[in-house]
Amino acid sequence: MTSLTAAELATSVRFSRPVRNGPLTLFAVMRNEMYFLPAFLAHYRALGVDQFVIVDDASDDGTTEYLAAQPDCCSGISHIRYGDRVTVTDAAPGGLSGRAGPILKRVLPEHFLRGQYVLCADADEFLILPGRYPRLGDVTALMAERGWKTVSASLIDFYPASLAGLADEQAPATPQELFRRFGHFDAVPFMTVRPGHQPEKTGRTASERLFLMCGIRQIPPAIGFLPTALTSRLPFPAPNAAWFKTPIVLHDGQTFMDGAHEANVPPPPGFILAMAHFKFNGDTYRKIQSALRLRSHARKGQKYQHYEEMLRIMEQRGLGFLGPPSEAYTGPAQLLAAGLMRLPE
């Protein structure tokens, strides 16, 4: 465990160019994301991002060089890795300990982007805006007008029709190609937001549907030694899967990301955006093996063990991704109709 101050952690990252003030910055921590990067940058540029601040966690697939060549990208490298355990001694209240990756998502925007709206997104997360607010500047103007410091988004699993879609490892050149190849989703709502509260889970995500289809359950550690043939018949829930995110935060000194997905200030109940989460794609098999090897994610990458087992069972049984709630994505109006997005009055 490494102990250091917030400023020491922030300045441990050496950026390729100075981080500047701007209307809206996207912040991310990435490792080996060349599969998504061209489509990712094009998507967010079209939404109005004018600066990308990206911490590169020791990539070796060309991500480092690609980011360095982009004039609107400030890419940074630190000797502290995503999965390293750190303690930030001066983070209120009483210090902050955990994996460096999620902590960087709090500390770096606080240090370099104080007073700015910051969009936080992983490389496989593509924010979808409604037609009434087609650009990020429209969203932040609404937030400023109503005094909102955060907004929430449904994190929607997107997938191809069949396992054959995962076999094509050719990276999508554009966001349009990404949505065309992996553009199915479950058109059922799974979250709600009450005034003064964080989002609450009210339904099942596509990942959970697929886990249950394959008989994969969240087994208590005390009986984890039992065979899957037995535990799959027990009434345990599906393994946890990410289902919401707080994608835009006003870093004003009191508001910050409190973990990988959630801000410390609850979002308003009347405005829910959506993020297409391309969990299942041509890079999925590689990413699972990398996560299991590095063990730098939460609970040592246990969720990737579940996904590996799920895909193995689907292949053995000849199963696909489509189910009764599946739809092919056509536009944000579809997400509004499905209850996955919500517009303010």
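The largest nonpolar core in this predicted model has 59 residues, and Phe40 and Tyr44 have the most contacts inside it. A nonpolar core here is a set of buried Ala, Val, Leu, Ile, Met, Phe, Trp, Tyr and Cys residues joined through side-chain atoms within 4.5 Å; buried means under 20% relative accessible area, with a 1.4 Å probe and protein chains only. Helix α2 (residues 37-47) gives the most to this core, with six residues; helices are DSSP runs (H or I) of at least four residues, numbered from the N terminus. A second, separate core has 23 residues, including Val13 and Ile80.

This is a predicted model, where local features need pLDDT of at least 70, side-chain atom pairs count only at pLDDT 80 or more, and totals for chains, interfaces and linings use all residues. Residues are numbered from 1 along each chain as its sequence is written, and side-chain values use heavy atoms, leaving out hydrogens and water.

Now let's meet a pair of helices. The axes of α7 and α10 come within 10 Å and cross at roughly 55°; axes are lines fitted to C-alpha atoms over the stretch in contact, with angles from 0 to 180 degrees between N-to-C directions. The table shows who makes the contact (heavy atoms within 4.5 Å).

| Helix | Residues in the contact |
|---|---|
| α7 | Ser207, Leu210, Phe211 and Met213 |
| α10 | His306, Tyr307, Met310, Met314 and Arg317 |

Helix α10 has another partner: the buried residues of α9 pack against α10. Among them are Ile288 and Leu292.

Notes. Buried means under 20% relative accessible area, exposed over 50%, partly exposed in between (1.4 Å probe, protein chains only). Helices (H or I, at least four residues) and strands (E, at least two) are DSSP runs, numbered from the N terminus.
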